[in-house]
Amino acid sequence: VVVPPGDTEVLTVPKTTTGTTAPILQLDGDDIDFDNRYFQSPPVAKPLRILYHSDEDPNRTGAPLFFFKRALIETATFKPELTLKKFADPLDKIDWSLLDFVVVSDPLGNVPMDAMRQYLDEGGRGLFMVRSLNSVPALAKLLELDQLPASEAKIADYALLGEIDRKHPYLQGFSEARFADFTKVHFWRHRTLDIGNLEKARVLASFDSGEPAWFEVPVGKGSLLVMTSSWDREDSQLALSTKFIPLIYAILTQDPSGRDSKQAYFIGDSIPLDAGIEKTVTLPDGEEVGVAEDEASFDATDTPGLYKIAYPTRQFVAAVNIPTQESRLAAIEGDKLEQLLKVDEERAEGRAKGEIPPAKLSVQEQESQQKVWMWLLYLVMILLIVEILYSARCAQPKAAPSEGGV
């Protein structure tokens, strides 16, 4: 592909013979070659640990769990791991700190919510489906409310989603016009919840009647997404819509806490590491560097390339590139360059003498700080207005004295 200077070309990088994306992209034919290589990390499927807490029959066709299990497709970046627990099952053997998401579907009012509440308080994320009025007391208990007024919505035929907050991370994928249409998703049943007492609740979507359909509530350090309907076949057509799988994956994979570390960095960035575990880092030149077990980051990223971080049971590769602004080689204006050189020279002299002189300001900076000329202009304008008013008053003819005397 030939790209003339100043033009832009968008290309799809071909796969390698192994079926993966090449870790290094190299540009040939450029005389300045310091930035002619771009490094990218190979995709690693991150475990996505999900707890589904419900008394549903997993084999009942049309149940939420039936569709949910089939929507969890392993991708190049996520590997779903689903754990099923009924409300009567003990939860003491679950390590809640390892969970990425919890789905609660239609619990009865007397179901204990203490473990779920603690999980959310510590930064966990969850989804609560209100499939019937029987689950409203459990939701109120989870949100620590004395009561949560609710009723079954009266729907003549079907309800549609009206207002949708596409700025929310869960729904940003539906911002484009071709993905934004939810009018084909019909809701046969839903519950009406009075969320007036939830001051921090954010409505993500509402029905055409104005009642909340999906809303998010911050709980401690975490958050809870509440659906007043569900994707059960008896509730809606959501599970049969093309929106279902993208919506589920957006909800599951979006992590506002930022716990998912990125794999693309720039020179000087710190690469997060797992503390309290043995690990080694292999630099781009092949040198292996030992890292203390208590270290939580690797800071010696002063060379672009691929950094391999190895743990006893797994490893990943972090790509470190040159910042994009380093490739902008446009010439600096002469006066600006001269000013920079003078400032640098004076600072060097100041360091030699033990003192650093203040940098000289440009004409624009001096004017912006002083603003003297503006005040003078205001004063002249005020004097001019006063003079005009005074002249106009003096030019007015005096009233003639009346003829008759006393």
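Start by selecting E176: at 44% relative accessibility, E176 counts as partly exposed. Here buried means under 20% relative accessible area, exposed means over 50%, and partly exposed is in between (1.4 Å probe, protein chains only). The side chains of E176 and R178 meet in a salt bridge, 3.1 Å from N to O. For that term, a side-chain nitrogen of Lys or Arg has to sit within 4 Å of a carboxyl oxygen of Asp or Glu.

Before you click on, note that this is a predicted model: local features need pLDDT of at least 70, side-chain atom pairs count only at pLDDT 80 or more, and totals for chains, interfaces and linings use all residues. Residues are numbered from 1 along each chain as its sequence is written, and side-chain values use heavy atoms, with hydrogens and water left out.

How many salt bridges does a search of the whole structure find? The count is 12. For another one, select D165 and R202, whose side chains meet at 2.8 Å, N to O. D165 lies in the loop between β8 and β9 and R202 in strand β10, so this pair ties together parts that are 37 residues apart in sequence. (Strands here are DSSP runs of E, at least two residues; helices are runs of H or I, at least four; both are numbered from the N terminus.) D165 is buried at 18% relative accessibility, whereas R202 is partly exposed at 35%.

Is H168 buried or exposed? With a relative accessibility of 3%, H168 counts as buried. Leaving aside neighbours within four places in sequence, H168 is in contact with R202, L204 and E216; contact means heavy atoms within 4.5 Å.

Next, pick E234 and R189. They form a salt bridge whose closest N and O atoms are 3.9 Å apart. This pair links distant parts of the chain: E234 is in the loop between β12 and α4, R189 is in the loop between β8 and β9, and they are 45 residues apart. Both ends are partly exposed, E234 at 49% and R189 at 33%. Now widen the selection to E152, R189, R191, E234 and D235, and you have a network of linked salt bridges.

**The sheet**

Switch to cartoon view. Eight strands form an open sheet with mixed pairing, in the order β4-β3-β5-β6-β12-β11-β10-β8. The edge strands are β4 (78-85) and β8 (161-164), each pairing on one side only. From one strand to the next, the twist averages 20°.

Strands of a sheet pair through backbone hydrogen bonds, either parallel or antiparallel. In this model two strands count as paired if DSSP finds at least two bridges between them. Zoom in on β8 and β10 (residues 202-207): they pair in the antiparallel sense over two bridges. Select I164 and you'll find its bridge partner in β10, A205.

Helix α2 (residues 114-121) lies across β5 (101-105), β6 (125-129), β11 (212-219) and β12 (222-227), running at about 125° to β12. Axes are lines fitted to C-alpha atoms, for helices over the stretch in contact, and angles run from 0 to 180 degrees between N-to-C directions.

Select α1 (residues 64-71). Six of its eight residues are buried, so α1 is largely enclosed by the rest of the structure. Color P64, L65, F66, F67, F68 and A71 to see the buried ones. What covers them includes β3 (46-54), β4, β5, β6 and α4 (244-253).

Move over to α4, which is mostly covered, with seven of its 10 residues buried. Those are F244, L247, I248, Y249, A250, I251 and L252. Stop at L252, buried at 3% relative accessibility. Apart from neighbours within four places in sequence, L252 is in contact with L48, I50, F68, L72, F101 and R125. Draw a distance to P80 as well: the two C-alpha atoms are separated by 9.5 Å, though the residues are 172 apart along the chain.

**Last stop: the surface**

Show the surface and select W375, in helix α7 (residues 372-395). W375 counts as exposed at 61% relative accessibility.
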